[in-house]
Amino acid sequence: MNGEQDLRRGTTPRELEIPLAPNEFIWVQDTKKGDVRVWVGPCLVNLTSDDKVVVLDGDDRFVEAPADKAKQRFATADEKSYLVLANPTPISNRKLPETGTKNSGERLEVGKTVNIPGPISIPLWPGQKVQVVPGHVLKTNEFLVLEITNPEQFEEGMKTAVIDRVVPTSEQSSTRHGQTGGGEQTGSGGQTGGGEQSIKDTEPTLDGDDGDDEGGNTSSEEPSAGEPEDELEQAAYTRGQRVVIKGTVYSYFIPPTGGRVIPEDGKEKYVRSAVTLETMEFCVLLGENGEKRFLRGPRVVFPKSTETFVTSDEGSRVFRAIELNDDMGIHVKVIEEYTENGRTYTKGEELFITGRDTKIYFPRPEHAVITYENESGEKQEKHFAVIIPKGEGRYVLDKVEGTITLIRGPKLFLADPRRQVHIVRGLTDRLVNLLFPGNMEAQVHNRQLREISKAMGSQSAMLRAASFTAGRRRGSEEFCEEAYAAPIGSHAEEKFAGDEISRRGAFTPPRSLKLDTRFQGAVGVSVYEGYAVQVTSKTGEQKVVVGPETVLLEYDEGVTIFKLLTGTPKTDDKVKEDVYLRIANNPVSDEVTVETRDFVQFKVRIAYTVDFLKEHKDLWFSVENYIQLLVATMRSLLRNIASTHSVEEMHDVGINIVRDAIIGKQGADGKRPGRTFPENGMHIKEVQIEAIRIVDGTVGEELRAAELEAVTGTLKLKAARRELELTTKLEEIERSKEDERAKTARAIAELKEEEIERRTSLALAEIGAKTAMAKKDQEDKLDQRTFEDDANFAMKKVAAEREAKLATTKLEADVALKAAMAEADVALKEKQLQADVALKEKQLQAEILHEKERLEAKLAEQESHSKIAAAELERKKAQTEENLRVGGIELERRLQEAKNDGDITNALVSVMSEKIAPALKDLGDKKVLAEIAQMCAPIAMFGKDQTAQTIQKVFGNVPGWEGLVEAIMAARPNTGRRD
């Protein structure tokens, strides 16, 4: 049965005997009684069926365990360690289990703990627990945190505690306070380590007064007189009190009973490291009462028992002082009132500390640094100046007065965050396109600003735009690799560790200053040479900026937008906007349709060159669309001018007509005055006529054909003129000959006329003599006759006088008629000769013009026909020469006939040349015929046939000459002759 029980319990009979070696013990529980005994070796443990081997589990309960697991070794501490024994026996009966035998359990003081310094090795009573802890060896920059659990026992144990104090050397004594500075505050308000920084003694010197360090911060960090450095040296202890054991006081420490060393949180480490501060470094201690201490190096800092180190996000307990240059600053808020250098800083007051006042800033308890978020969301306490290059600027808003100021470069500008904030001016897409045409980056930037403005609601996006746009630069260059070098010591962070007030960033410049400030700076307008812009403020002030110049717009300033007609011809359908006015050599093209006085339309393509006169600078932008004014005025002018000219004039000299109309005629110096517009000071200094063409294609083709014919005709005319000159010279020679012959004939006629006059005079003298003799005879007869015969004698006398008068008249008429007819015949022959020559020349010109038109048409169709046209021209030329030769022969024949006609013809020619030729020039046809009939009436005395022959010879080439014969016959004198 026992074997079955052993098997049921999992223990073999051999296992009922458990040998224990020296320094081993085992706990055995009686299953019937429940008590637990301890067997201490060396011995052999004989277990009964009612015994089981037990150990303590995590809940301090006895649980059964295998024999090999239940054996326990003595709790052993060497001379450098100590035992922390839980649940000891009463102090009055504190004994240990005896070795080599079984020991019944002792009453334990459950919940208590005793510290037993080594060297020691003991077995444990059932229910006891032990921890072996190495003795705490401390360096001068290490410390322990001791908690008092039982003040009475601790105070008693301190008398025999294993503690080694540091024996200071002379050097350590002289530098003790500067190096160890623990400075824990006692209940009475004293300092034990000399390291606490006084609130009043750590003020930064804001006004540059003398201080103890470069930054002007004054500090009194030496311990107060009489302040204990060892916190164990107290008159009384309290339960739960914590005491800092500093390595500067104790080199080795084992806590007596009544106290326990607290390990660091989450670590099995008892010895803690103090903070070693170098120059320019500081740390912050936070007390349980919420107060902070700011301690600066060089020193070793031990916290008080009620303090903890403030660590950064990365876990560092050491911070580096904030270095400030003249272009840097920090924004702080006073959270507690304090006085420094005679000035009282009130609670809630804000300060802006720059490098001009404090080169090195150490935080102080009364200050809370106001941080801002940069574009990546990181908090940043430093404020950097921004570089404003020459020709650029920044908009700065005064938060107190509400004014916006333009800060112009070149300068480094550090904004005071208490009342100044950088803002960015957002532009509309329309204005961006006009100011920065083709700049898509500017379009995207301003569009993002508007999106941010919508997302932020009532708060202005422009106040945050700088932080948003930081880093969004293309082609930027860094001003320096880094604003400042890395802090001394890799464990120290240049970061504020005191109180801070976080504000959402309106403007936090980057650590690396950027030269590219296109979108952070003020709106700048670069005006190139030959251009101008007009800047207008909201108050109505205007100024015209002429390039080359870069103008920075004030926040309330804009530029004047004007409109331009585009395209050719200029129309209202193609209007664009612009802000840059080209004031020199401004090309403007247009196409104008005009109509001549004979209703032919021309299209004139014009290119104007326009300047804006500097003396009218204030008027440049007074016309919204200066191109519309220009083309409208010029179109009206050109239409008016064209209506006064014919199509031939516009076609031949249209360019000169248009140029004279627009920019005036050339002066003596060869220059044209141009045209100025008083509305806006615009001046047309030059105009180019690119094309003048007829709208109607048919008319244009005819004019082009006429031009071609004119060219061909000109060539033919030159050749014909050369021939005509030759012929003319020959004819002039012939005419000279004929003139000489006519002069001879005229001299002969004059001699004949003199002979006729002489003969007439003799005849009249003879008639007079005969008349006188007859009269005398008659008078004699009358004297003999009677009175009654006087009537017959008077009648005869009258008849005789009539006959004599008639004979005289007839003779005079004959002489005059012969002379007139001779002169008329000569003049008529000469005029006929001239008329024939002029007619031949006109016919030749007409033929040449006709031939020119035909040849031009042929040349337009095919250039190869030029040879045929040349041959045709030669043929025409030969024919013309033949016609001229035949005409010359005919003229010679007619002149010969005129020569052979005798004296009557010469007389007629003479009369006609003197009296009829002027009438042909001055009178119409009817008047000419009447005048000729009146003058030629005496010819009718020779008979109708002779009159007709004479008239035909003289007026054969004059239309209607047949009627002239009848008119002459009707106007003839009444001679009583019948034909």
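Me: A nonpolar core is a set of buried Ala, Val, Leu, Ile, Met, Phe, Trp, Tyr and Cys residues joined through side-chain atoms within 4.5 Å, where buried means under 20% relative accessible area and exposed over 50%, with partly exposed in between (1.4 Å probe, protein chains only). Which residues of the largest nonpolar core touch the most other members?

Reply: The model is predicted, so local features need pLDDT of at least 70 and side-chain atom pairs count only at pLDDT 80 or more, while totals for chains, interfaces and linings use all residues. Residues are numbered from 1 along each chain as its sequence is written, and side-chain values use heavy atoms, leaving out hydrogens and water. Of the 42 residues in this core, those touching the most other members are Ile606, Tyr608, Leu630, Ile662 and Ile684.

Me: Which element supplies the largest share of this core?

Reply: Helices (H or I, at least four residues) and strands (E, at least two) are DSSP runs, numbered from the N terminus. Elements that each supply at least two residues of the core include strand S51 (601-612), helix H8 (626-642) and helix H9 (647-663). The largest share, 9 residues, comes from H8.

Me: Is Glu401 buried or exposed?

Reply: Glu401 lies in the loop between strand S37 (393-398) and strand S38 (404-408). Because its relative accessible area is 58%, Glu401 is exposed.

Me: Which residue in S18 stands opposite Val137?

Reply: Two strands pair if DSSP finds at least two bridges between them. S14 and strand S18 (residues 250-253) pair in the antiparallel sense over 2 bridges. In S18, the residue opposite Val137 is Tyr252.
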